[in-house]
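Biologist: Hello! I have just opened this model and would like to learn how to read it. Could you take me through it, step by step?

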Amino acid sequence: MDKIERLSESIRFRTVAGKWEEFLKFHEFLERSFPLIHSKLKVHRINQYALLYEWDVGAEESLLFLAHMDVVPAEEEGWIHPPFSGKISDGYVWGRGALDDKSSLMALMEAVEGLLERNFTPKHNLLLAFGFDEETKGYMGAQKLAEHLENRKIRIKAILDEGSAIVESVFPGVDKPLALIGIAEKGFASFDLVAKGPGGHSSAPYRNAPIERMAKAITRISKYRSKPILIGAVEDFLKTLGHFTTFPLSVVLKHPRFFLPLIDLFFSKLPTASAMLRTTMCVTMLNAGVADNVIPEQVTATVNCRIVPGETAKEVFERIRKIVEDLDVEVVRSEKWEVSDPVEQSNTETDFYQKLVETMENVFPDAVISTFLTIGGTDSRHYKHLCKDIYRFSPIRMTKRDLETVHGRNERISIQAYQHMCDFYSELMRKL
């Protein structure tokens, strides 16, 4: 079985949260597929389903590579090929996890297995840590893996996780592929808005009932834009874009601090780009009413916030409270929702970062490399107390259309892109 067939088979396992037997079957598949890794490396099962592979060469420091086994659910309807078929067709491997994140996991394993075949010995200890609940915030997988490493007092020199990629035709006016390295990560927090009042019959409505006040609160939050904050990772990214756009946009992007209000206005129509400049707040859940003829006594709305480095969840909570305080709507820190402050910027002067860039230049010579702010959450945030130098990059080429398939229909990875992934991790490990 070659590496493409192994990737295909990995996708056939429905490793969705709650289907724990599938994770155990996936473990068995990895053991069959990578015999050298399982005979020469130390293998630990953490919290039953997480995996830690330890290539211990007696060095003082370790390099940690992260990926996750779990995928989001997928309905069969609307897929060209069934989402858990792993179908190899038209130059692609199709299925849930092909991009997020089975390809990273399998490519890391292919790289290590290949190095063992060639009797390679690394200068640092190499660790592969695979969580099983990244899509549900990683508290059972990545957090337990981090606790295991901390309890053993293992020194981590640098960490590489998913979070950014090589994107093509995503940013207007830029015709070159952009290889983006996430050196910082936004935090997240969810808060509940609660409006209470007398109930009653819908035949005799009254003004300022809970649902009316909540509607006003949601409207305010939806229209509110936090002030833009330009962190170093985003500033460097904008300057990089400036070298590949035309006048006058090129001048604006090359001087982002001077033209920040103008950039903010330009990005207002690009949600992903705008999210790099500010803390975002989005109402994602509503709960109200028991019948169509009853005025509800309580209305609850959940606001999900993605917090830019430089701000904290506490500050955002106070901001929301002030937005709605005159509407008699309470803002509640519910135990249902987790809170995670942003992960601050990593150092770009480290040996690991330099080797990462060199490898990107060799494997993807046409790509423009830049730092980036990861706006979603990754497992790597659970390791921030173990290591300050965390980098987020998956060596996958993705167009805007490809990005839309992540967590969507028809997720797939090209065979050529996956070959490049395997080559990338192998070369990076050799360079390090």
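Modeller: Gladly, and let us begin with a definition: two strands pair if DSSP finds at least two bridges between them. Helices (H or I, at least four residues) and strands (E, at least two) are DSSP runs, numbered from the N terminus. This is a predicted model, in which local features need pLDDT of at least 70, side-chain atom pairs count only at pLDDT 80 or more, and totals for chains, interfaces and linings use all residues. Residues are numbered from 1 along each chain as its sequence is written, and side-chain values use heavy atoms, with hydrogens and water left out.

Biologist: How many bridges pair strand β12 with β14?

Modeller: Strand β12 covers residues 280–288, and β12 and β14 pair in the antiparallel sense. Within this pairing, V283 has V303 of β14 as its bridge partner. The number of bridges between β12 and β14 is eight.

Biologist: Why is strand β14 described as largely enclosed by the rest of the structure?

Modeller: Buried means under 20% relative accessible area, exposed over 50%, and partly exposed in between (1.4 Å probe, protein chains only). Strand β14 spans residues 298–307. It is largely enclosed because the number of its 10 residues that are buried is eight.

Biologist: What kind of aromatic pair do F13 and F26 form?

Modeller: Rings of Phe, Tyr and Trp (its six-membered ring) pair if their centres lie within 6.5 Å; planes under 30 degrees apart count as stacked, over 60 as edge-to-face and the rest as tilted. A search of the whole structure finds 22 aromatic pairs. For F13 and F26, the centres are 5.7 Å apart with 70 degrees between the planes, and the pair is edge-to-face.

Biologist: What kind of pair do F23 and Y49 form?

Modeller: F23 is buried at 0% relative accessibility, and Y49 is buried at 13%. Ring pairs also link both of them with W20 and F132 into a cluster. The centres of F23 and Y49 are 6.4 Å apart and their planes are at 50 degrees, so the pair is tilted.

Biologist: Which ring lies under the charged end of R333?

Modeller: A charge sits over a ring if NZ of Lys or CZ of Arg is within 6 Å of the ring centre and within 35 degrees of the ring normal. K102 provides one case, with its charged end 5.1 Å from the ring centre of F26. The charged end of R333 is 3.8 Å from the centre of the ring it sits over, which belongs to F317.
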